[in-house]
Amino acid sequence: MHSIIQQTAASSTLALTTTPLPTPNHIQGEHLIQIKACSPCAGELLWPKNFPPPTERTLIPCPDLAGIVIAAPQDSPFQPGDEVYSRTNYIRPGNARKYSIAVTDELAHKPKSLSWVQAAAIPVSAQTAWQVLFVHALGTHGNEGEMDLEAAKVAWAGKRVLVNAASGGVGIWLVQLATLLGAEVVATCGSRNVELVKSLGAKEVLDYRVVDLKEWAAQSPSNKVDVVVDCAGGKALGDAWWTVKDGGVVLSICQPPLQVRPDGFAGEGVKDLFFIMQPVRRQLEEISKLVEKGLCRGMVDSVWPLEQYEEVFKRLDGGHARGKIVFDLSLNH
């Protein structure tokens with residue numbers, strides 16, 4: 001079968017090649033999935049070098065998949081012919097290939113209203129946003145476990161949250177879910193995405209090229225936020241520190257926030273948090289319900305055949321995709 005391979009962990013060079021079909025181990029809950037669409041994740045070609053997989057494996061990108069179950073354990077809720085989607089675990093090769101492996105606790109039933117491409121744009125982004133809002137941002141470093149929808153609505157009601165890079169894959173889900181939970185969202189993005197981010201529920205949208213967050217936060221005490229959620233890292237994360245209230249939270253999915261806390265920041269009692277999402281079936285099934293009810297939506301930036309993998313990863317690294325870039329395997333020859 002055709003697969004995109006990262007040739008070594010130290011190099012981000014990719015090649016389209018043929019690899020053998022994977023064999024599922026049903027005893028370990030593995031399912032063989034025919035991939036209909038898959039989606040890459042920003043920065044993932046650096047993961048093997050920075051976070052080597054626990055056991056050596058073929059380096060195939062794209063953690064998100066949408067596809068059909070071909071073979072399954074007998075007791076699985078997902079049986080041959082079922083339409084599923086998933087963010088699969090990093091311990092196994094990714095899904096930029098014709099067939100892949102997913103285990104029971106990563107899979108969820110694909111929302112019926114979505115195409116394969118639309119479904120493949122959701123799992124990693126939506127689950128990351130879910131884990132920010134329902135697990136990490138308001139718990140003490142996640143120790144208090146996951147809130148259900150009703151508890152989360154109580155916890156977030158009236159809170160102000162700044163979402164950095166709000167038009168990206170995770171950002172669009174943070175804006176939608178935080179708004180759904182009753183938080184007041186302030187979002188940063190580029191000028192061409194301002195209207196989009198407003199349409200997702202953000203109360204105030206700041207063009208990061210124009211607005212200096214330190215100055216903006218200093219203009220009025222009411223501008224300050226309870227929680228910063230950063231999806232950009234680097235300078236954007238450093239600048240966002242100025243917006244958080246005393247006793248607030250600065251959370252990033254890109255890097256530990258303390259690495260870029262600005263000199264002279266004098267806020268008190270601010271918690272900082274960095275985490276890496278883990279796939280959880282139950283969360284993805286909850287997200288499916290919200291999608292089916294029309295309360296949230298994923299967003300596809302662009303759709304490509306596997307053969308154009310070089311252009312895809314260039315676009316991904318450019319950092320200006322609106323939503324997710326998706327490979328549609330029906331386009332391959």
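Predicted model: local features only at pLDDT ≥ 70, side-chain atom pairs only at ≥ 80, totals over all residues.
1. Helix H3 (residues 123–136) packs against helix H5 (residues 169–180) with the axes 8 Å apart and at an angle of about 50 degrees. That angle makes H3 oblique to H5. The crossing of the two helices, H3 and H5, is right-handed.

2. On the H3 side, the contact is made by Ser125, Ala126, Thr128, Ala129, Trp130, Val132 and Leu133; their partners in H5 are Gly169, Val170, Trp173, Leu174, Leu177 and Ala178. By class, ten residues in the contact of H3 with H5 are nonpolar, three are polar and none is charged.

3. The largest nonpolar core has 58 residues, of which Leu133, Trp156, Val161, Trp173, Leu174 and Ile287 touch the most other members. H3 supplies the largest share of this core, eight residues. A second, separate core has 27 residues, among them Val84, Leu306, Ile325 and Leu329.

4. Neighbours within four places in sequence aside, Val161 is in contact with Trp156, Ala178, Ala183, Glu184, Val185, Val186, Val225, Val227 and Val229.

5. Asp82 lies in the loop between strand E4 (64–71) and strand E5 (83–87). Its relative accessible area is 23%, so Asp82 is partly exposed; the cut-off for buried is under 20%. Not counting residues up to four places away in sequence, Asp82 touches Gly67, Ile68, Val69, Pro77 and His109. Lys110 is 28 residues from Asp82 in sequence, and the C-alpha to C-alpha separation of Asp82 and Lys110 is 8.7 Å.

Definitions and conventions
Residues numbered from 1 in each chain as written. Heavy atoms only, no water. Axes fitted to C-alpha atoms, helices over the stretch in contact; angles between N-to-C directions. Helix = DSSP H or I, 4+ residues; strand = E, 2+ residues; numbered from the N terminus. Parallel < 35°, antiparallel > 145°, perpendicular 65-115°, else oblique. Left-handed = near helix turned anticlockwise from the far one by under 90°. Contact = heavy atoms within 4.5 Å. Nonpolar A, V, L, I, M, F, W, Y, C, P; charged D, E, K, R; others polar. Core = buried A, V, L, I, M, F, W, Y, C linked by side-chain atoms within 4.5 Å. Buried < 20%, exposed > 50% of the residue type's maximum accessible area, 1.4 Å probe, protein only.
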